[in-house]
Amino acid sequence: MPDAAATRGSVGESPLILGYAGLFPQIAAVATCVFAGDSDIGPMFAFGYAALILSFLGGIWWGFAMRATQRQGHIATLAVLPSLFGTAVILLSIAHVLPMGWALVLMGSAIVTTLLIDRHLVEDHIAPAGWMALRVPLSVGLGVLTIACGIICGLSMA
């Protein structure tokens, strides 16, 4: 009988490369915030990209849930949380209840917080081997870049 790690796969080189490439849009957004502080392009792009990635992470967890043989409902419930959170922040921003700087800080914090769920998925042998080696630098990187954009945006709009 194969062990759990063998049946759940592993993270290969391509996902690592593509994952790190996924940081470039947020790097560009931060650069836009720094060098074109009077424009709202950088913060809006950073906000949209962070919301997109939150939903993407939820989609990955949904895929894990569909493959799970136990606690599928629990994992599926966790999988919808990033999209629901992102939707709430989008609505609060559109309604001008939440300034863009704070919206970015919240989105960045949510991205970093996804690591708690990722860790849970690893401990339950649902995520592939090497999952945290992929997720930690990407979530911390994207989260910090999004928060930085929010701080820069908040300072330039103050």
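Reader: Why is Arg-71 called partly exposed?

Author: Its relative accessibility is 43%. Buried means under 20% relative accessible area, exposed over 50%, and partly exposed in between (1.4 Å probe, protein chains only). So Arg-71 counts as partly exposed.

Reader: What is the basis of these values?

Author: This is a predicted model, where local features need pLDDT of at least 70, side-chain atom pairs count only at pLDDT 80 or more, and totals for chains, interfaces and linings use all residues. Residues are numbered from 1 along each chain as its sequence is written, and side-chain values use heavy atoms, without hydrogens and water.

Reader: What makes Asp-124 and Arg-71 a salt bridge?

Author: Their N to O distance is 2.9 Å. A salt bridge needs a side-chain nitrogen of Lys or Arg within 4 Å of a carboxyl oxygen of Asp or Glu, so the pair qualifies. The two residues are 53 apart, Asp-124 in the loop between helix H6 (100-123) and helix H7 (131-157), Arg-71 in the loop between helix H4 (41-67) and helix H5 (72-94). Helices are DSSP runs (H or I, at least four residues), numbered from the N terminus.

Reader: How many salt bridges are there?

Author: Three. Among them is Arg-119 with Glu-123, at 3.6 Å. Both lie in helix H6, four residues apart.
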